[in-house]
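Subject: Structure handover

Hello,

Here is the structure I promised to pass on. Please open it alongside this message.

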Number of protein chains: 2
Amino acid sequence: MSLIVAKFGGTSVATPQRIVNVAQRLVDYSTQGHHVVAVVSAMGKSTDDLVALADELNPNAPARELDVMLSTGELVSMSALAMAIEALGHKAMSFSGWQAGMLTDSGHTKAKITEVKTDRLIQALKSGYIAVCAGFQGIDPLGDITTLGRGGSDTTAVAIAAGLHADVCEIYTDVDGVYTVDPRLDPRARKIDEIGYDEMLELAGCGAGVLQARCVEMARTYGVVIHCRSAFSNEPGTIVKELDDTMEQAIVSGIAFDKSEAKVTIRDVPDNVGVAARVFSAMADDAHANIDMIIQNLSENGQTDISFTTPLADLARVRETGEKVVEELGAREMVVDESIAKLSVVGAGMRSNPGIAAKMFQTLADNDVNISMISTSAIRISVVIKADELERAVSCLHTAFGLDSDDLFEETMLSREELAAKAAKGR
Amino acid sequence: MSLIVAKFGGTSVATPQRIVNVAQRLVDYSTQGHHVVAVVSAMGKSTDDLVALADELNPNAPARELDVMLSTGELVSMSALAMAIEALGHKAMSFSGWQAGMLTDSGHTKAKITEVKTDRLIQALKSGYIAVCAGFQGIDPLGDITTLGRGGSDTTAVAIAAGLHADVCEIYTDVDGVYTVDPRLDPRARKIDEIGYDEMLELAGCGAGVLQARCVEMARTYGVVIHCRSAFSNEPGTIVKELDDTMEQAIVSGIAFDKSEAKVTIRDVPDNVGVAARVFSAMADDAHANIDMIIQNLSENGQTDISFTTPLADLARVRETGEKVVEELGAREMVVDESIAKLSVVGAGMRSNPGIAAKMFQTLADNDVNISMISTSAIRISVVIKADELERAVSCLHTAFGLDSDDLFEETMLSREELAAKAAKGR
């Protein structure tokens, strides 16, 4: 007998029939003797409708009221799921964020969980109920409703799993796991069976969707085992857990990419003390921009180039602030390149295998892919390349690092075309 | 400076534009120096959609979960209204049932209010906020969400008005007040400016919609003045309050009717002790039927007839139980008449004016309306007549008791046709 926390995203509960399917899965777990806690997102796109309503009434709606409105979607889906479970003849009880003891700070629309008081959940489980919790929401010390922001429901699930010391936190989504690379880009992509927290964090941080870095971080902190899998099949997905470093690991686990950033270069900046600090404090304080990779060239004739990447969403503000910084510092100009892609290779095996970076750069060079920026961590190497060279770059690296599905046991025995079609359909 | 509680029904907040109109009305009150608490129902027919979803998932959905689901409609409308108020530059804060301190018993889907803890509302009002409360909902001693059932939002408003000792509880609806008779039946109907609690209760109990008996009862208990008026105009509506009995009052305030009942007669029942008790305990315990008017004929030859009225909705169960009772008691037969109407004349002035009943019966007789049952209270006379004679009966009584609008100052100066059109449009 184990305790399972199972989280279902919006697409998994988008229709009454899908809700019934989810209910059946939970009832099966329960009849197998497990304690079950479900965490649900709002049905389908219902949250979008609420956002549209709020926007029509007040484009600068108070965050407190936005949270009240947005939290209702999960209240509907949790009670709907509890009803569907009861219709199958099993006891179920739903819990809103405040009923489930999800205590947060007062950071409306992006609140942080401070504590999970699991008393009511434990009482319900002990009484034989399947507990159904609203994802994405909590309550602050004033007694006001909060929401957790992007990826909030996954974080709710991991927090509850941590609070209850669950055996596993299953995260059901519309894809069937974490892949060595996005199958839409390369049909040879292979599902990863197991991955460590650190690698998953690096992949999440480098643009591989599926799991948000935030919930993986919390899972790592509390040692929660995550099973990321499809709500539309019974195939196992990807397990995220602490991997034993002494076991043989894949050198490279996966490849992530991100086409949502631009590269900004400020050229011929006088190379004085504090110049970089001035540039990036302006970007943080004035432009409120997220800055990702940063490189600074060697100084030549007392001048240097400073380059960084920033999300396209922040680019307008970065341009404006950048023009001022150029003038203030007496630099030559600001150059923006929007047609770039960031490509990252991630693997815990890198720690003990030198030469991965060299192999990566050589492979790219052999395939005429030009690298314009590089950044690394202990288990990740990221490069910025031209966007139109991304597909070629992914393909050659996927092969070079032995990730192609033909090199390995192919569990589902699907052809590459079938895998690609399945992956495309699932998204 | 006064404290105003203003309740808005579903049609009054059915669209974003209507929500903005409500917000403007509240902001106007506030800038005039009043403290303002709004109570809202769910937007338009949104609750119906939730009921349909619940019914699809589980026709016997647990009441606890139904309440969670149905309570979300008011959470959306309250936060929407708070956003709209803030868009007009005024501070607003929304409160769910549990945040507004609406404590109830655990009678899910028809909970009764046990206490209103107004601390948070008072704090918000003192800080200059317009408080916006969810109608229809509360929280029980277990910390579970409850809903108050039919007419719940009106009851919420009156309970809050009582708890805050508000100067008035305005109930905004889609009609502009309480009329001497339903204007759809008789275009000479006249809006009543003031009416006492008792008369309003009798009218509500006899089928005149607008206000539910439940909220009027609570208003009477706590001395809350209700102002029932239209959300779509600024005309005053009908004030419901304790009327000074020493002042001259209209003998008859209004006429109510109800076509949703059937008349059931059990004929030739042996007139033994306990026969009536047996009939009506069977109807209560076996048929779970609401029984309204009851008459028992004088005994003749040791046999009697027992007649009563019951809602058409309960009739199937009443028929079934009635057949058994006929057999058990050795009565002759059960006769059901579904084409009846109950017609009631209500007025506090009846107390001090004898002969009202006689005048009513004579007027009906003069107009060839046959009376088949009669029941009375201190301020009401109800008769059961044939449904197809209802319009004629209402018309002659409306004139006989001086209720026709032409007999009186016609404030809005509308023609009968315009009044009828307006009333028809408003419903």
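My notes on the aromatic rings and on the contact between the chains follow. Keep in mind that this is a predicted model.

Aromatic pairs

Two of them are described here.

One is A:Phe8 with A:Tyr172. Their centres are 4.6 Å apart, with 10° between the planes. That pair is stacked. A:Phe8 belongs to strand β1 (residues 3-8) of chain A, and A:Tyr172 to strand β9 (residues 168-173) of chain A, so the pair ties together parts 164 residues apart in sequence. Both A:Phe8 and A:Tyr172 are buried.

The other is A:Trp98 with B:Trp98. Here the ring centres lie 4.1 Å apart. The planes are at 35°, so this pair is tilted; stacked would need planes under 30 degrees apart. A:Trp98 is in the loop between β3 (92-95) and β4 (102-104) of chain A, and B:Trp98 is in the loop between β3 (92-95) and β4 (102-104) of chain B, so the pair joins two chains.

Are these two Trp residues buried or exposed? A:Trp98 is buried, with a relative accessible area of 18%. B:Trp98 also counts as buried, at 18% relative accessibility. The cut-off for buried is under 20%.

Charges over rings

Two cases to look at. The charged end of A:Arg64 sits over the ring of B:Phe95, 5.5 Å from the ring centre. Within chain A, the ring of A:Tyr129 has the charged end of A:Lys91 over it, 4.4 Å from its centre.

The contact between chains A and B

How many residues does each chain bring to the contact? Chain A gives 40 residues and chain B gives 40 residues. Together the two chains bury about 3,000 Å² between them. Carbon and sulfur atoms account for 70% of that area.

Now the polar side. There are 13 residue pairs in polar contact between chain B and chain A, counting those with both residues at pLDDT 80 or more. The salt bridges between the two chains number 2. A:Arg120 and B:Asp144 meet in a salt bridge through their side chains, at 2.9 Å from N to O.

Which elements of chain B touch chain A? α1 (16-31), α2 (46-57), α3 (63-87) and β3 of chain B each supply at least two residues to that side. The largest share comes from α3(B), with 16 residues.

Best wishes

Methods:
Residues are numbered from 1 along each chain as its sequence is written. Chains are lettered from A and ligands numbered from 1 in the order in which they are written. Side-chain values use heavy atoms; hydrogens and water are left out. Rings of Phe, Tyr and Trp (its six-membered ring) pair if their centres lie within 6.5 Å; planes under 30 degrees apart count as stacked, over 60 as edge-to-face and the rest as tilted. Helices (H or I, at least four residues) and strands (E, at least two) are DSSP runs, numbered from the N terminus. Buried means under 20% relative accessible area, exposed over 50%, partly exposed in between (1.4 Å probe, protein chains only). A charge sits over a ring if NZ of Lys or CZ of Arg is within 6 Å of the ring centre and within 35 degrees of the ring normal. Contact means heavy atoms within 4.5 Å. Buried area is the accessible area (1.4 Å probe) that two parts lose on being put together, summed over both. A salt bridge is a side-chain nitrogen of Lys or Arg within 4 Å of a carboxyl oxygen of Asp or Glu. A polar contact is a pair of N or O atoms within 3.5 Å; within protein, one must be able to donate a hydrogen and the other to accept it, and residues adjacent in sequence count only if both atoms are side-chain atoms.
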